[in-house]
Structures are given as C-alpha cells and as structure tokens.
Amino acid sequence: MKWLRRSLLIVLFASIVVAIVYAFRPKPIPVETAKVEQGEFKEYVEEPARTRVRERFIISAPVSGELARITRKPGDMVEEKDLLATIRPLAPVMLDARTKSELDARLHAARASHALSTSAVAKAKTVKDFAQKELVRIKGLVDKGVLAGVELEKAELDLKIAERDVRTAELSATVAANQLAVAQAAAGDAPPKAEIGWELRSPLRGRVLRVLQTSEGVVAAGTPLLEIADTSDLEVVATLLTTDALRVKPGASASLDRWGGPALEARVRAIEPSGYTKLSALGVEEQRVDVVLDIMSPPAQWASLGDGFRVHAKILVHREASAIKTAAAAVFRDGDAWAVFVVEGDRARKRRVVVERRNGPEAMLGGGAPLGATLISFPGNDIHDGARVVLR
Amino acid sequence: MVKALDRKLLRDLLRLKGQVLTIALVVACGVATFLTFVGAFRSLRSAEDEFYRATRFADVFAQCVRAPEEVAGQLSAIPGVASLETRVAAPVTFDMPGYEEPIRGLLLSLPRTMSTPMIREGSLPASADEALVNEAFARAHKLRPGATVSALVEGRMRTFRVSGLAQSPEYVFAMTPGAAAVDDARFGILWADRAAVAAARGMEGAFNDVVMRLAPDASERAVLASVDRVLQPYGGFPAVGRDDQSSHHFVTRELNELKTWAIILPIIFVGVAAFLLNIVLARLIGTQREQIAALKAFGYGNGRVGGHYLQMIAVIVALGTLLGTGLGWYLGTGLTAQYTKYFRFPSLLYRLEAPMVISALVMTLALAAVGGFSAIRGAVRLSPAEAMRPPSPARYRRSLVERIGLAVLLSNIGRIVSRNLGRRPLRAIASVVGVGFATAIIAVGLFFGDAVDTLIKHLFGEVFRDDVTVVFRAPVDSSAVSELRHVEGVLHVEPTRMIPVRVMAGHRDKRVVLFALPAGVTLRSVRTVEGQAVAVPGTGVMLNATLATSLGVGMGDKVSLEVLDGAHPIREATVTGLVDEMFGLTAYMQLDALHRLIGEQESISSALLAVDPRSIERTVAELKSKPAVMAINRRDATLKAFRDTSAGWMLLVSTILSAFAGTIAFGVVYNTARINLAERERELASLRVLGFTVGEITTIFAGELVTLVLLGIPLGFLIGRGIITLILTLLSSEAYRFPSDLHASSLAVAALIVGASALASALIVRRKLDRLDLVAVLKTRD
C-alpha cells in the first residue's frame with residue numbers, strides 16, 4: 001500500500017504544480033482577424049461634389065423697357081418657343097412744376113405761332129387770288145394789244161411768286177401745327193399704355209431653374225430675367241486638390257453616392273486646366289481644380305437630382321484586377337517596414353510584408369503573407385511573435 | 001497582586017511576540033484600510049465644503065449670448081433666487097512663450113459676491129490691465145504676480161499684468177474641451193475688472209453669464225425653468241444647478257466613487273481581519289487554560305482573570321491600531337495626493353482626525369473582545385482543579401476517511417493527522433475558513449490590478465482603435481475628411497459627430513452625448529462588457545443599456561432627443577439597439593441617420609485617424625497648424641494619461657490591498673500554525689518520548705497544516721469570487737460597469753502566498769519542535 005500512498009501524494013503534488021503552471025501560462029489572447037485575399041483592388045480619390053446642368057441659359061432683357069410680370073415659377077417645364085416674358089416700352093417721365101410751366105408757356109407760344117402761320121397762309125392765298133385775277137385781266141389787255149407782252153410776263157411771275165408764298169406759308173403752318181402738337185404732347189398727360197411689346201421666347205425645351213426678376217417693372221437692357229436649362233442633362237463637378245487631380249485621368253470611372261439615392265456610375269470627362277485657391281473646411285488655403293464628370297447611369301435613376309445638388313464623388317485612380325490584399329487594420333509598422341501577424345494554429349507569427357498600395361480600409365500586399373492566410377486585425381500591444389491567440 | 005498580573009502580561013506578550021506582532025499586523029491592515037479610504041474621502045469632502053463655503057459657491061449657473069443689465073432685475077424677481085451676480089465671459093486664446101500652439105482659455109469678469117476666486121498669492125486686480133490667473137495654469141507657466149500674460153480677446157491681442165494667483169470653486173476640475181486628460185498648461189482662466197472685460201468683449205451694460213444663490217427652501221427645478229424662460233429671448237443656454245455644473249459634477253462623481261470604496265473596502269478588510277482575529281484570539285486564550293486555572297487557584301477572581309486577558313487583547317489591538325494609524329496616515333496621504341493631480345482645492349491635505357482613529361480603535365477592540373470574551377468565559381468557568389488537570393484524553397475514533405473505507409490510503413502518520421482533525425471538527429473548519437478568507441482577500445486585492453488590465457485591453461485594444469482623434473472647434477463639412485487624408489502619415493480617416501442631447505422618455509430625461517459613427521466604421525467599435533462588437537443600426541438610435549434602464553425604455557420605444565446646440569430642435573427617434581457597455585452613458589446613431597434627424601448636411605465634429613507611427617510627430621504638427629482643429633488626442637498619450645490617473649489610482653489601491661491581504665494571510669496562517677503547536681505541544685512531546693523522530697512529528701504537524709491549507713485555498717477562491725461580485729454590485733454606477741475578470745494567475749498568486757506563508761510557518765514551527773523541551777512539556781501538569 002505504500003506505493004499507492006506515495007503515488008497518490010505524487011499525483012496530488014503534480015496536479016498542484018500543473019494547476020499553478022497552467023494558471024500562470026499566458027491566456028490565449030482573443031483576436032479579430034482578416035484574411036489575405038485575392039481580388040480587385042481599387043484606389044479612389046473621394047471628394048464632395050455637386051451637380052451642374054450642362055447648358056445653362058440666362059434669359060436677359062434685350063432692350064430697356066417695362067417688364068410684364070413673369071408668371072413662370074422655378075421648376076416649370078417650358079417648351080421651345082414658349083413665351084417667357086414681355087418687355088413693353090417705357091412710360092414718359094413725370095413733370096416737375098418748373099418744366100410744366102415752361103412747357104405750358106411753350107405750348108402757348110406754339111399755339112400763337114400756329115395761329116400766326118395760319119393767318120400767313122390766308123394772307124398768301126389772298127395775294128395769290130389777286131395775282132391770278134390780275135393775270136387774267138392783263139392777258140385780255142395784252143391780247144387786245146393794249147398792253148405790251150412784257151406786262152403779261154410780269155403778271156405771270158407775280159402769280160408764280162404768290163403761289164410759292166402760299167406754299168411757304170402752308171409749310172410754315174404745318175411746322176407750326178406740328179410744333180403745337182409737340183408742345184401739347186410735352187405738356188399733356190401720359191398717353192394710354194402701348195399694347196405692343198417685345199416678346200422673349202424660350203430657346204430650348206427645359207425647366208426654369210431660377211426667376212431672377214419676377215415682378216413687373218422697368219429693366220435695363222442686359223438685366224438677367226430667368227435661368228433655363230435642360231435638367232435632364234446634368235454633369236457633376238468635383239473640386240479636387242490639384243495634387244489629387246493629377247492622378248485622375250479623363251475617362252476614369254467614378255461612383256456618386258451619399259446624395260439620397262442609390263450609387264450612380266460616372267465617368268471623368270475633363271480636368272479643367274485652371275486651378276484656384278480655396279479655403280478648406282479646416283481653414284487652410286488649398287489649390288483646387290474642377291473635375292467634370294458625366295453621369296453614366298440611366299437618367300431614370302437620378303431623375304430627382306437637380307442643379308447644384310450635393311453628391312459624393314469617388315473617382316477611381318488605380319485598379320488592380322487581381323491583387324493580393326487584406327484589411328489595412330492587419331498591417332502595422334515594424335521598424336521601417338510593415339508587418340502582419342499571421343495566425344498559425346493557435347500562435348501568432350510575425351511576418352514582414354511589402355505594402356504596395358493602400359486605399360484606407362484595404363492594403364495591397366506585394367508579398368510576405370500567403371494567400372488565404374488569417375491575419376490579426378488591430379493587433380494589441382500584448383501580441384508578439386509566438387503569442388497564443390484565440391479567434392474571437 | 002496587580003503587579004504580578006502586569007508582569008505576567010508583559011512576559012506573555014514577550015513570549016508570544018511573533019503571534020502578537022502578526023495579529024497586530026492583521027489589525028493594522030484593517031485599521032489602515034479604514035483610515036486610508038474613509039480619511040481620504042473625508043479630507044476631500046471637507047476640502048470641498050470649506051472651499052465652497054469660503055468662496056460662496058453659487059447654486060445656479062446660466063449663460064446667454066447677450067442680455068442687457070436690466071434683465072438682472074427680472075432674474076432676481078424669480079421666487080427662490082436669494083441673490084445673483086451677472087458676469088461677462090469671453091473665450092480667449094493665450095500666446096504663451098514656449099508653446100507653439102495657441103492655448104485656449106477664458107477671460108471672466110471678477111465675481112464679487114459669489115463663486116469668488118480664492119487668492120493664493122498676490123492681490124486683487126487694482127486696475128483695468130491687471131488680472132488674476134488660475135493657479136494651476138500660472139504654476140505650469142511659472143507666472144508670478146507682476147508677470148504679464150498676452151491673450152487674444154475678440155480678435156485683439158491684450159496684455160494683462162498678473163496681480164495674483166487664484167482658485168475658483170467653478171474650476172476645481174478644469175479640463176480643456178475635447179481634451180482627453182487634464183493638462184494644466186493648456187487651459188487658463190483670467191479674472192479681470194468687469195469694465196475691462198465688458199469693453200474687451202463689447203458687453204458694456206450687458207452680461208452673458210449669471211450665477212445665483214438660492215433661498216434655503218427654493219425649488220431648483222422651478223428656478224431653472226424660470227431662468228430659462230427669462231433668458232430665452234437673449235440667446236439663453238439651459239441654466240444648470242450645481243449638480244450639472246461641469247466641475248462640481250465631476251468632483252461629486254469622483255467623491256461618490258471614493259465614498260463607495262470607503263464603505264466597501266474597510267467593511268471587507270476590517271470584517272475579515274476581525275473574523276480572523278476572533279478565531280486566533282479565541283484559540284490563543286484556549287491554550288492558556290492551565291494558567292487561568294493556576295491564577296484562579298491563587299485566588300484571583302473571575303473578573304480579575306478575565307480582565308487580565310481582555311487587557312492582553314487590548315494591548316494587541318492597540319498596538320495594531322497604532323501601526324494601522326501610521327500606515328493609514330502614510331497611505332491616506334498618498335491616496336489624497338493622487339486627487340491633487342486633477343482636483344484644484346486650495347487645501348487638499350489628508351487629515352487624520354482623532355475621532356476616526358478612536359472609532360477604529362473602539363471598533364477593533366469591540367470585535368476582538370467579542371471573540372476573546374467567549375473563550376475567556378469558557379476558561380474561567382472551569383474549576384481550578386479541573387482546569388489544572390490535563391484535559392481528559394480525547395476520544396479518538398476512526399476518521400471519516402477511514403470510515404468510508406479509504407484507510408488503506410493513509411499511513412500511520414496520515415491516520416493520526418486525519419483523526420486529529422476529525423476530533424475537533426469545528427476547530428478544523430474554523431481554520432479552513434480562516435485560510436479561505438486569507439486567500440480570498442489576496443484575490444480581491446489582486447483583482448483590481450486585473451480589472452485595470454482588462455479595462456485597458458478593452459478600451460485601448462478594442463474600443464478606441466484610432467491612433468489620433470482630431471476634434472474640431474465647431475462642426476465642419478465632411479470635405480475635411482479628404483483634407484485630413486492628405487496630411488502626411490495619415491493612412492485612414494473616419495468622420496464622427498458628437499452632439500450633446502437630452503434624451504426624453506415620458507417624464508424621465510437624461511443629458512447624454514449622442515455619438516454618430518459612419519456605417520462600416522473600423523477605428524471605433526461599440527462593444528459590450530464582454531467585448532462583443534455591436535454594429536450601430538442604420539436607422540433610429542442605439543442606447544447604452546444603463547441609459548435605457550434609467551429612462552425606462554426598451555427596443556422599439558420612441559424617445560425624444562433635444563439637441564443641446566444651436567436652435568435646440570427636438571426630434572423623435574426609435575430605439576433600435578441596446579448595448580451593455582463598460583463605460584459611459586452614450587446614445588449612438590449612424591452618421592447619415594443623425595444628419596437626416598437634425599437636418600444637417602454632412603457635418604462632422606471630430607475625425608478618427610489611423611496614422612503611420614513612424615511619422616506621427618510630423619502628422620500631429622501638421623494637424624496642429626489647421627485653424628479649425630481644437631484638440632488632437634493621441635491614443636498613446638491618452639493611454640498614458642489613463643494609466644497615470646484612473647488606472648494609477650486603481651493600481652495604487654490594488655497594491656495597497658494586495659500588500660494588506662498578504663500580511664493578513666501570513667498573520668492568519670502563522671497563528672494557526674503556532675496555536676496548533678501550542679495546543680498539541682504535549683501530544684507531540686509524548687510522541688517523541690514514545691520514539692517518534694523529530695521528522696515524524698513534524699510530518700504529523702505539517703500534515704495537518706497542509707490539509708487545512710489545501711482545503712482552505714479552494715474555499716478562498718469561492719469566497720473571493722463572492723466578495724468580488726459584491727464589490728461589483730456596489731460599485732457599478734451609471735458611469736461605468738466593471739469587468740469581472742479575475743485572472744487565473746491572480747488566484748495562483750493568492751494560493752502561492754498562502755502556501756508560502758504556510759511553508760514559512762511550518763519551518764518556524766519545525767525549529768520549535770527541534771528545541772522541544774520534552775521534560776518541561778511533559779512535567780507541567782504532573
């Protein structure tokens with residue numbers, strides 16, 4: 001029985017030792033993991049952007065005049081040649097007292113002048129009548145040979161002069177009559193509104209974006225009145241940092257999201273050649289440039305988008321069809337290089353990796369971790385090469 | 001006669017010096033825990049009370065954009081307002097030599113009647129260009145009275161001469177908005193003449209800040225509502241009572257936490273110490289049985305003999321209290337000093353109050369006397385003749401182990417051990433329970449260290465995964481995200497929006513922070529206490545479980561959210577998620593959902609950054625240069641600050657408790673061994689005479705001890721678990737839930753400490769057995 005007792009004691013002692021060793025053995029660290037996968041790797045430039053109608057028409061007043069009230073409202077559909085606005089001639093200006101009395105006096109003068117010229121006409125006609133009668137009488141006398149032929153010529157001349165005088169007087173009377181009319185018009189009240197006007201018509205089929213001048217009133221030539229555009233013909237403008245814009249190529253595909261609907265496909269049409277300085281959201285001056293994108297998705301998907309709406313543009317700047325990639329959270333700094341912890345069995349093994357590219361959430365690896373390997377994402381400070389880990 | 005008893009007392013104490021010392025240490029640990037925590041709490045409380053009283057801390061605080069001075073009349077007419085003072089406040093940016101980045105601060109008109117800053121050095125400002133500076137800021141920048149300080153006020157640089165250093169009850173705890181930890185050098189307050197501040201701020205004949213004191217019977221809620229109503233036309237922000245004043249709120253929270261500790265820890269430690277003291281003292285007196293008989297035979301009355309032993313207990317307890325007082329004073333000073341790191345009380349000193357020491361002494365004396373008394377009574381009841389006779393040989397019978405047929409497993413010595421234990425089962429159980437409590441208390445002490453470890457792993461390994469958090473002065477457009485992405489070394493950016501809200505459900509309401517995270521967020525994770533990640537639902541609002549409970553809402557219920565910012569819009573939202581978090585009272589939403597809810601387009605208030613550690617210094621420098629950036633919190637710095645403050649506190653507590661627990665454990669095990677020896681001296685000596693070797697009797701003795709310890713340790717694990725659950729239940733507050741992880745290694749350490757104590761005790765006893773004077777022991781009673 002001694003052996004039994006001894007072996008029992010040994011077992012007891014051994015189990016205590018084992019329990020203590022087990023207790024002090026580091027517990028496997030619970031970790032969250034990411035896989036090394038093969039797949040498409042995309043790098044984007046992301047920036048808030050806004051929509052813009054491609055062709056924008058500003059209807060402005062071609063002449064100064066009185067604009068009739070514009071009844072179109074923003075959002076109204078207009079057909080080509082639809083009447084948009086009418087401009088009528090201006091009403092005369094109001095008279096002040098001094099001008100009024102001056103004009104009244106001028107009217108009186110014109111009346112007098114008109115009366116004067118009328119009586120001048122009467123006088124000239126009387127002279128002409130006499131000259132005519134004189135000519136008839138002298139002609140008879142000359143025919144009878146009482147008077148010399150020269151007298152007849154003289155009478156004929158007198159009649160001609162008298163006729164000219166009548167004409168002159170009549171013309172003066174006309175002048176005076178017209179001057180009277182001018183003076184009357186100047187001194188008189190405004191005549192009723194002219195019913196005719198200049199009609200402005202829509203140059204295209206589209207929608208009214210803005211009405212800049214709604215109320216009836218006088219507008220100067222060149223005043224913008226309405227903005228009209230075809231809102232189904234939208235483009236997107238993203239303001240990129242010039243350094244980012246360099247990476248964007250015309251034709252690059254992009255997606256537009258966070259606008260209130262499903263993500264839309266788009267394509268870069270142009271990068272504008274001229275940049276400008278803009279104050280950033282964080283208060284720093286930056287050089288930005290407009291990049292113009294065309295929406296490629298069917299218009300039905302974005303029918304509710306209007307002009308100047310906010311969208312979020314993700315422009316593809318690099319694409320690898322088949323890259324070895326993993327979650328960026330699994331990659332960490334190791335000296336000057338990058339490394340990952342590969343889970344092998346229940347152990348974490350540190351492996352140096354080459355990070356070729358990053359796009360925020362993902363990192364494209366250039367080697368170091370085998371495809372399909374399980375990596376620890378967000379490795380904590382307690383994880384080291386060879387540490388025991390357990391998947392969470 | 002008395003002299004003889006006194007001499008005996010002295011000799012007994014000297015003879016039992018090892019036991020006396022260890023028992024005194026057990027008492028000392030209990031007393032020290034009591035004095036440390038209760039003392040620190042009382043010191044903080046009285047520092048707060050004194051400071052508030054001396055500075056006439058206000059009861060109600062309100063701010064508005066700008067109100068004409070006449071409005072003060074309307075405010076003072078509110079029933080319940082005893083007095084009020086209007087003030088002018090202006091945010092300033094300090095330009096301090098040696099600091100590249102601008103430092104935020106406040107310029108306040110000097111309050112004259114309430115919440116007056118207490119001058120620590122120098123004097124009140126005498127002219128318009130003089131100002132008081134808050135002491136912490138001044139000390140951090142080595143500003144003394146007479147120095148000058150420049151600050152940008154309303155876009156104009158102004159220079160003030162420091163007339164004195166002061167501390168205000170409104171800024172006992174002063175933290176830069178958005179910062180992760182207290183930084184004295186980066187938040188300054190200036191108090192200057194009202195006219196000067198008003199002129200600088202463009203507030204002549206107006207005010208933008210008002211403080212009030214309430215009449216004793218006033219209803220704070222009614223006053224707050226009236227103040228809000230009066231100030232509303234002037235851009236009023238919701239008025240708050242003291243409880244919601246940011247500094248007082250934080251101080252109160254910390255004090256309440258400390259109060260909980262001050263209740264729980266002494267109860268546990270004093271309780272365990274008292275329990276162990278009882279067991280040990282009762283048995284110690286039990287071994288004095290013969291001497292008691294002898295004393296009685298000499299004619300000492302029961303009272304005298306009892307008094308003598310009570311005296312002995314009193315000496316031990318007094319010694320322990322004395323040691324504990326010294327230790328408590330030392331540790332209490334250290335603990336209180338931890339608070340001075342972030343609480344600015346003019347006189348925060350640990351004060352050891354005599355009533356506390358006396359109550360500790362009385363408490364331990366009473367607890368010890370209870371244990372001693374029954375033992376003494378038992379001993380003095382015996383008639384001297386009977387007592388002087390050796391106790392009649394106990395009836396040994398087959399032990400339990402033998403009776404169930406396992407006798408074969410026991411050697412002769414094993415049989416002796418098992419029968420010995422079985423002979424006095426109560427005594428054996430008491431010893432096992434004693435060892436159990438000793439083990440448990442060590443485990444409890446170590447638990448707090450484990451908790452900090454779990455907490456740090458949870459927070460900094462799982463919840464906060466961004467390397468740098470950037471907080472903006474005001475919400476900015478989300479184009480800031482791509483801007484941050486271009487900062488050197490930034491690998492990934494995720495936007496967030498934090499907005500203070502009042503969550504209302506029925507008649508209940510709670511002010512919390514609404515935290516909006518983008519869908520698919522990786523750099524910040526919402527997790528349960530168990531570390532399970534929870535995704536923020538795409539619609540509606542997810543509430544912290546504690547918050548939901550206090551509001552009385554559950555999944556699918558509607559709550560109203562009042563945004564405490566801007567136009568204070570009130571919106572309805574459905575509770576679509578609940579999360580049982582470790583920290584805080586937070587409501588979560590997805591960023592898109594929040595924008596829709598409050599009608600904001602893509603505004604963000606902070607951003608989470610993953611940064612290449614190699615160039616983090618350059619990254620931070622570039623971030624600092626952005627005007628809209630208010631604070632940059634690095635995770636490593638936050639972790640360090642956390643370790644230094646909250647975790648530092650916990651680790652200090654854990655270290656103190658572990659040391660105490662170790663001492664108590666050793667005291668108990670050692671005394672158990674010594675008393676066992678005293679009780680068994682005769683038997684062991686007899687065995688020696690019968691021919692057993694010293695090795696064999698040591699084995700008998702050690703076997704008993706080992707058996708007690710081996711049974712006691714697992715029991716200790718259970719008791720420890722129970723105590724921890726109790727502590728967690730008492731500690732869990734609205735602000736945080738504690739992880740209940742007790743590491744296996746801590747249990748092993750507890751077991752090893754108890755085991756080592758047993759081994760050390762066994763070695764000491766073995767020396768005694770070596771020197772066992774057989775003749776002396778055996779002849780005593782003949």
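**Close-up views of a two-chain model**

Over all chains, the count comes to 63 salt bridges by the rule applied here. The structure is a predicted model.

**View 1. A salt bridge between B:Arg465 and A:Glu32.** B:Arg465 pairs with A:Glu32 in a salt bridge whose closest N and O atoms are 3.3 Å apart. This pair crosses between chains: B:Arg465 lies in the loop between helix H14 (425-463) and strand S12 (468-477) of chain B, and A:Glu32 lies in strand S1 (residues 29-35) of chain A. Side chains of opposite charge can pair when their charged atoms come close.

**View 2. The interface of chain A and chain B.** In this interface, 34 residues of chain A are in contact with 41 residues of chain B. The two chains bury about 3,300 Å² between them, and 58% of that area is on carbon and sulfur atoms. Of the area that chain A buries against chain B, 22% is supplied by A:Leu282, A:Arg310 and A:Phe378, more than by any other three residues. The size of an interface is often given as the accessible area lost when the parts come together.

View 3. A:Arg310, one of the three residues that supply 22% of the area chain A buries against chain B, forms a salt bridge with B:Glu602. The closest N and O atoms of this pair are 3.6 Å apart. Across the interface of chain A and chain B, the rule finds nine salt bridges. Between chain A and chain B, 17 residue pairs are in polar contact, with both residues at pLDDT 80 or more.

**View 4. The side of chain A that touches chain B.** Helix H1 (2-24) and strand S2 (37-53) of chain A each supply at least two residues of this side. H1(A) gives the largest share, eight residues. Sorted by class, the side of chain A that touches chain B has 16 nonpolar, five polar and 13 charged residues.

View 5. Helix H20 of chain B (residues 646-689) has 44 residues. From its first C-alpha to its last, H20(B) reaches 62 Å, close to the 64 Å expected at 1.5 Å a residue. At B:Arg680, H20(B) bends by about 60°. Just after H20(B), B:Gly691 takes a positive phi of about 115°.

Note on methods:
Residues are numbered from 1 along each chain as its sequence is written. Chains are lettered from A and ligands numbered from 1 in the order in which they are written. This is a predicted model: local features need pLDDT of at least 70, side-chain atom pairs count only at pLDDT 80 or more; totals for chains, interfaces and linings use all residues. Side-chain values use heavy atoms; hydrogens and water are left out. Helices (H or I, at least four residues) and strands (E, at least two) are DSSP runs, numbered from the N terminus. The expected span of a helix is 1.5 Å times one less than its number of residues. The bend at a residue is the angle between axes fitted to the seven residues ending there and the seven starting there. Contact means heavy atoms within 4.5 Å. Buried area is the accessible area (1.4 Å probe) that two parts lose on being put together, summed over both. A salt bridge is a side-chain nitrogen of Lys or Arg within 4 Å of a carboxyl oxygen of Asp or Glu. A polar contact is a pair of N or O atoms within 3.5 Å; within protein, one must be able to donate a hydrogen and the other to accept it, and residues adjacent in sequence count only if both atoms are side-chain atoms. Ala, Val, Leu, Ile, Met, Phe, Trp, Tyr, Cys and Pro count as nonpolar, Asp, Glu, Lys and Arg as charged, and the others, Gly among them, as polar.
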